Amino acid sequence: MGLPLRMENLHAPTVPSGPTSGPVANGTQSSGLTLAQLQAKKDNLEAEIRALGGVLDSHGVDMNTRLLTPDGFPRADLDVAQIRTTRARIIYLKNDHKALMSIIEKHIHKHFARLAENGPEDEPMTNGSSSIMEFPSASEPQILSPPFAKVNSVVADSPAESAGLKAGDQIRVFGYVNNMNHDELKRVAECVQGNEGREVLVKVSRAINGSSRKQELQLSLTPRRDWGGRGLLGCHILPL
């Protein structure tokens, strides 16, 4: 039996790491978006990057840890495939974040340019030494993200039950995950693993007394291992 092939390019990302021009999982598409919506995209990107950093931490590695032995073979003590995928995703998201920050900066410059043109009557309101900037988008109604998953079951005394999740709840947002980027719930698992011990915002729709009417809830869920059962959540989630 021959020896396994050497993997000299093991550190190379598995997805393009340069600027992205087409649609991506989180995306930096900004056409028609308000500054508040762009800020929300930025927050989601940063949350996912933090969670992915937590995934690397769980493996005891960072972006620069060598994955090869001195003779050029994959290290047997590491899940090399997952680490490579996680690193590639971080690189991808950091490029998206850089592009998005450039767009946000342009929006802010335009805002101040309009203030300069319109005169002092449109300047931000001040309160003592602090300034409060009012953007028109702040008054826009919130648009609900469509649900992408359903809670199938919840274990008693689990983190999911403590957070208030119930069987039948439809999940609209799970941390930085929504219907646009859940990737068949892979991002939910990634978010859970990367946020162990930290609160995750979960937005759900719940039927009222079995009727067709829904109530919208925002729950705080903390994934943890020490609750006495399997997994970090204690619930079973299915894609819609």
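These are my notebook entries on one predicted model, written as I looked things up.

**Entry 1**

I began with the confidence values. The mean pLDDT of the chain is 77, and 77% of the residues reach 70 or more. Which elements mark the two ends of the range? Strand β2, residues 130–132, has the lowest mean pLDDT among the elements, at 37. Helix α3, residues 159–163, has the highest, at 95.

A reminder to myself: where pLDDT is low, the predicted coordinates should not be read in detail.

**Entry 2: The overall plan**

Next I looked up the layout. How many helices and strands does the chain have? I found 4 helices and 7 strands. Reading along the sequence, I wrote down the order as α-α-β-β-β-α-β-α-β-β-β.

The chain has 240 residues, and 35% of them count as buried. Its accessible surface is about 14500 Å², and carbon and sulfur atoms hold 53% of that. I also checked how far contacts reach along the sequence. Of those between residues at least 6 apart, 65% join residues at least 24 apart.

**Entry 3: The nonpolar cores**

I went inside next. The largest nonpolar core has 24 residues. Which of its residues have the most contacts inside it? They are F148, L165, I171, F174 and V202. Seven entries went on my list of elements giving two or more residues to this core: α1 (35–58), β3 (149–154), α3, β4 (170–174), α4 (186–194), β5 (200–207) and β6 (214–221).

Leaving aside neighbours within four places in sequence, F174 touches F148, V188, C191, V192, V200, L201, V202, L221, L233 and I237. There is also a second, separate core of 16 residues, with L38, L78, V80 and I83 among them.

**Entry 4: Strand β3 and its partners**

I followed strand β3 to see how it pairs. β3 and β4 are antiparallel and share 2 bridges. β3 also runs antiparallel to β7, and 5 bridges join these two.

K150 was a handy residue for tracing this. Which residue of β4 stands opposite K150? That residue is Q170. In β7, the bridge partner of K150 is L238.

**Entry 5: K42, a lysine in a helix**

I turned to K42, which lies in helix α1. Is K42 buried or exposed? Its relative accessible area is 14%, so K42 counts as buried, the cut-off being under 20%. Leaving aside neighbours within four places in sequence, K42 is in contact with H97, L100, M101 and I104.

K42 also has charged partners. Side chains of opposite charge can pair when their charged atoms come close. The side chain of K42 meets that of D43 in a salt bridge, at 3.6 Å from N to O. A salt bridge also joins K42 to E46, at 3.3 Å from N to O. E46 and K42 are 4 residues apart in helix α1, about one turn of the helix.

D43 has 42% relative accessibility and counts as partly exposed. E46, at 25%, is partly exposed as well.

**Entry 6: R224, an arginine in a loop**

My last stop was R224. Where does R224 lie? I found it in the loop between β6 and β7 (235–239). R224 counts as partly exposed because its relative accessibility is 29%, between the cut-offs of 20% and 50%.

R224 forms a salt bridge with D226, and their closest N and O atoms are 3.0 Å apart. D226 is exposed, at 64% relative accessibility.

Leaving aside neighbours within four places in sequence, R224 is in contact with P159, E196, G231 and L232. I also looked up R224 and N195, which are 29 residues apart in sequence; their C-alpha atoms are 8.9 Å apart in space.

To finish, I searched the whole structure for salt bridges and found 10. Some share partners, joining E48, R89, R187 and E190 into one network.

Technical notes:
Residues are numbered from 1 along each chain as its sequence is written. This is a predicted model: local features need pLDDT of at least 70, side-chain atom pairs count only at pLDDT 80 or more; totals for chains, interfaces and linings use all residues. Side-chain values use heavy atoms; hydrogens and water are left out. pLDDT is the predictor's confidence in each residue, from 0 to 100. A nonpolar core is a set of buried Ala, Val, Leu, Ile, Met, Phe, Trp, Tyr and Cys residues joined through side-chain atoms within 4.5 Å. Buried means under 20% relative accessible area, exposed over 50%, partly exposed in between (1.4 Å probe, protein chains only). Contact means heavy atoms within 4.5 Å. Two strands pair if DSSP finds at least two bridges between them. Accessible areas come from the Shrake-Rupley method with a 1.4 Å probe; for residues, only the protein chains shown count as cover. A salt bridge is a side-chain nitrogen of Lys or Arg within 4 Å of a carboxyl oxygen of Asp or Glu.
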